[in-house]
Amino acid sequence: MKYAIEVNNLHHCYGKRVIYQDLNFKVPRGKVFGLLGKNGVGKTTLIKILMGFLRPTGGECRILGDNSHALSPATRCKVGLLFEGHLAYEFMSIEGVERFFATFYPKWKRELYYGLTDRLGLPKSHKIANMSEGQRSQVVLGLIMAQQPEVMILDDYTMGLDAGYRRLFLDYLADYLNQGDITVLVTSHIVQDLEKFVHEVIFLERGGQASQMELQDFLQGFRQYLLPKNGSKPPQKSDLLKNVEETSQGTMLYSFADMGKVSEHLTEQGGDNRGLCEIPMSFEDAFIGFTGRY
Amino acid sequence: MLLLARYALMLTAVLVLAVYVPMLFDASFGERDKKTHMFYSPVLKKFIWRELVVGTPPEGEIEDVHHAQYVQMDQDGNRYTRRDFETMLPFIYYKNMDVWGLLPLELEGQVFDKEVMRDERQVMELKPRQIAGRSPGDGVHPLIESVPDRAGLVFPEERFRLDQAMSFINADFNVLDREKSIAYTQALSEEGFVFPGRLVAGKPTILKPFDEGVFLVDHAGAVFHVKQVEGEPWVVRTPIDPAIGVRHIKISENSRRDFYGLLLTNDDKIFVISYDNYELIPLPVDNYDPDRMDFKLIVNPLYRTAVYSDDTVIRAVAMDSEYTPIDSYEHVMAGATPTLAEQVFSYIVPFRVDMSDPNTGYAVLRVTTFGVNSLIAIGMALAAFVAVALRTRAKGRMLALDGVLVAFSGIYGLLAMILAPRENVCP
Amino acid sequence: MLKALLLKEFVKLRAFWIVALVFNMCMLGYVYITMNGLFRLDHAEVVWYRVIHLGQLYYSSLTYVPAVTGLFIAAVQFFPEMRNQRFRISLHLPIAPHLIVMGHVFVGFLAVAVILIIDLAGLGLMTHTRFPGEVVARALTTAAPWMLAGLSTYLGATLVLLEPTWKIRMLNFAVAAGMTGLFLRGGVPGAYGPILPILCAALLIYTPSVLLPAYRFRYRRV
């Protein structure tokens, strides 16, 4: 089994609104895969479909070779799932919830759980209901780690987390991934920190388009250019110009093409290319540049 | 598991529909008082009755009584107005007769005034639900003091149960009254009562003119008459043959002191228990089925009439005052004819489940089918099922099972399928 | 594993269970006061006459208590699971979904049943202090279908709460209400005696139906 996750010809719509149209991607085993996109493009819907909680209009998904709609208990045992909003059994205590989940997973490592939750500085009898979202995320992530899954699906793990917790979690995750052959699918609309460990990204866009690429290719190939205001006809989005954003300094152009090609393309569009210059950007800038601000 | 869950829900839905759909139907289309009231007219010397009009009535011959249409007629087909009908039954409607100034009345050479009519009439009913075992019993019974030291009867402080003894329980302390229990048990044993007892028959009320105590049936089938007289047991072993097989006794303390009450046997014979040494006088009622039929004995100074009916047929036997049969009549009640709504309904639903039955005090889950109409109802439901299946090109094991369900439950099964759509549940 | 699941539901429900128990105890207390009140206002033999021969139900205020209890337990058990669809956590556990659902239902059912058995025992004991055994037996037979109604509302509320679509939720509600109604049709005291076994069987057949909305929740097409 080469792929941990396979999505084949996936179609889904809510009424007339198309969420995905012929979505295809495969996550090889041992890879960390980022599913990125703005709010409302269907990241959580995709996770629901992958876990069999939602039946797609068409197409199929496979997790560790199992059809999403018939995930066997054995497969579910190998999948660590973080629900959006860090869903947890609020009525349980820190130690109670650990004892509960431990019985279901043969490879359970409680030290991984307590490694994360001990840092909360809360008594073990503390109820999850009385925690902040950040504290709760710590508990939920600790549970997933302790489960020792082969595939981790983390739906919007950053939600409600401050930078410190985020780092802490990623450090733990990095340690865990060092064991090798662990596949992660992480969705997020905040991309900070992700570049350190994501191998591949898939950008989901409104209307059902998706583009998949190696993170390195994206980081190296995706460029940001500034075209100062010069009174000429503003540039238009095209196959070459992925995105165009007006800012106070001028027009920001985003493209996988190099300076020469962009310059040439602007002329072809009948505009002016004077003053065009490339501006380096972070992963977050690139993500926003790629998906658009609005 | 999925099949189990789905059919569990669908079977439940079928049960719920089969109970409530007919209930709603009855509430919407049911008619009141479908039973015919039949009497023997001492004036006409004929049977005469009043019943609900079903279908289109003949012009001008019906009366609107409280918005329901009734007709009064006799066995020769003559129709009567309501007032004429009542004057044909002077002993029943003696109060109206009095108001109309028709009393005193001369009949068969005798003159009857209001007082005689009042004092000499008696009606005793025995409905299936009143028979021992057809309703939850009280379990314990009062033995009222028959010779109270005051006007009117008083409730005793004890109730008794009849099993291996006749045990009295005191209501104030909820404990056994040992002394009284021993006294009565002994008094019974001395008269030859074989414990445990089988039946207790009495009228547990003080709203009666006097008290006749209780009738007990012992293990051997013998009937005993027991009273409390000035605090002491009064026991008579009646001459009633134990081999007669007593099923039920209904007591009626009536000032006429003609009979103690009715006695029903296991082979559906019914008797009155005469005050004359407990002599059993048979009532000549053919085709009487106590489990299905309401029974009524109407007594007036001249005649006795036994009237008994199930849901369709009403029968009456007129007797003279010595219980010798004079005439009898049988009539199919107009109310038994299904109304148009009922007929249509029987083609729609294959059966109905009723939770109450007028013939028993117990709740029931009684399934009633409608014969050939049920089959037609199922046929139509199956046709609709097949048509939908063909149109949607459905197939598979679950479809076949759904078909089986519809074949048994008709439209109920069809409706239940809406609850559990086949296509939306498969993992 | 199943034990852990049952324990989890026990932990979740215990505080609410105590609330329900206290409510039931209060109602039993009220019935006890009502019953003793009868004896204060009238001679014992008159009370006996009314209760034994006229069928007065001094415990009629208990009629809907089990139904409310069943509804309450189902609501506190499954409302939180439906909020944010938290039930998905349990359904992701590596055991078969029917075991997960029936495990939940078993604990809730047991929670309701224990309270109802306590109700019956309380009614029986208090009746025993003032009335002969025949009346105790009849009171228990009269109240038994009310208790079954409690189990029925528990199952019915579960059926309605787990169902993900509104249309079918309404239909499930109709079936659940109708089913519960079968136990509350009244009649003379003790009337349900002979059909109690049949109604228990109907309830038993009804029970696995709560799996259906759970399956629909687990594998739904929206």
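Author: Of the 222 residues in chain C, 50% are buried, a residue being buried if 20 or more other C-beta atoms lie within 10 Å of its own, exposed if 12 or fewer, and partly exposed in between, with C-beta atoms placed from the backbone. This is a predicted model, in which local features need pLDDT of at least 70 and side-chain atom pairs count only at pLDDT 80 or more, while totals for chains, interfaces and linings use all residues. Residues are numbered from 1 along each chain as its sequence is written, and chains are lettered from A and ligands numbered from 1 in the order in which they are written.

Chain C has nine helices and zero strands, where helices (H or I, at least four residues) and strands (E, at least two) are DSSP runs numbered from the N terminus. Its C-alpha atoms fill a box of roughly 65 × 30 × 25 Å along the principal axes. Among contacts in chain C with a separation of 6 or more, 82% join residues 24 or more positions apart; two residues are in contact if their C-beta atoms, placed from the backbone, lie within 7 Å.

Next, the neighbours of chain C. Its contact with chain B takes 44 residues from chain C and 42 residues from chain B. On the chain B side, α1 (2-29), β9 (158-162) and α9 each give two or more residues, and α1(B) has the largest share, 13 residues. That side divides into 29 nonpolar, seven polar and six charged residues. Here Ala, Val, Leu, Ile, Met, Phe, Trp, Tyr, Cys and Pro count as nonpolar, Asp, Glu, Lys and Arg as charged, and the others, Gly among them, as polar.

The contact of chain C with chain A takes 19 residues from chain C and 21 residues from chain A. On the chain C side, α1 (2-41) and α4 (87-92) each supply at least two residues, and α1(C) gives the most, with four residues. By class, this side has 10 nonpolar, two polar and seven charged residues.

Chain C also takes part in the largest nonpolar core, which has 173 residues. A nonpolar core is a set of buried Ala, Val, Leu, Ile, Met, Phe, Trp, Tyr and Cys residues joined through C-beta atoms within 7 Å. Helix α6 (residues 133-162) of chain C gives the most to this core, with 16 residues. B:Met10, B:Ala13, B:Val14, B:Phe224, B:Ala316 and B:Leu419 have the most contacts inside the core. Not counting residues up to four places away in sequence, B:Leu419 touches B:Leu9, B:Met10 and B:Ala13, and on the chain C side C:Ile168, C:Leu171, C:Asn172 and C:Val175. Apart from this core lies another, of 74 residues, among them A:Ile19, A:Leu50, A:Leu71 and A:Phe169.

Helix α9 (residues 411-419) of chain B packs on α8 (residues 397-409) of chain B at an angle of about 140 degrees, with their axes 6 Å apart. Axes are lines fitted to C-alpha atoms, for helices over the stretch in contact, and angles run from 0 to 180 degrees between N-to-C directions. The two helices are therefore oblique to each other, since angles under 35 degrees count as roughly parallel, over 145 as roughly antiparallel, 65 to 115 as roughly perpendicular and the rest as oblique. B:Asp402, B:Leu405, B:Val406, B:Phe408 and B:Ser409 of α8(B) meet B:Tyr412, B:Gly413, B:Leu414 and B:Met417 of α9(B).
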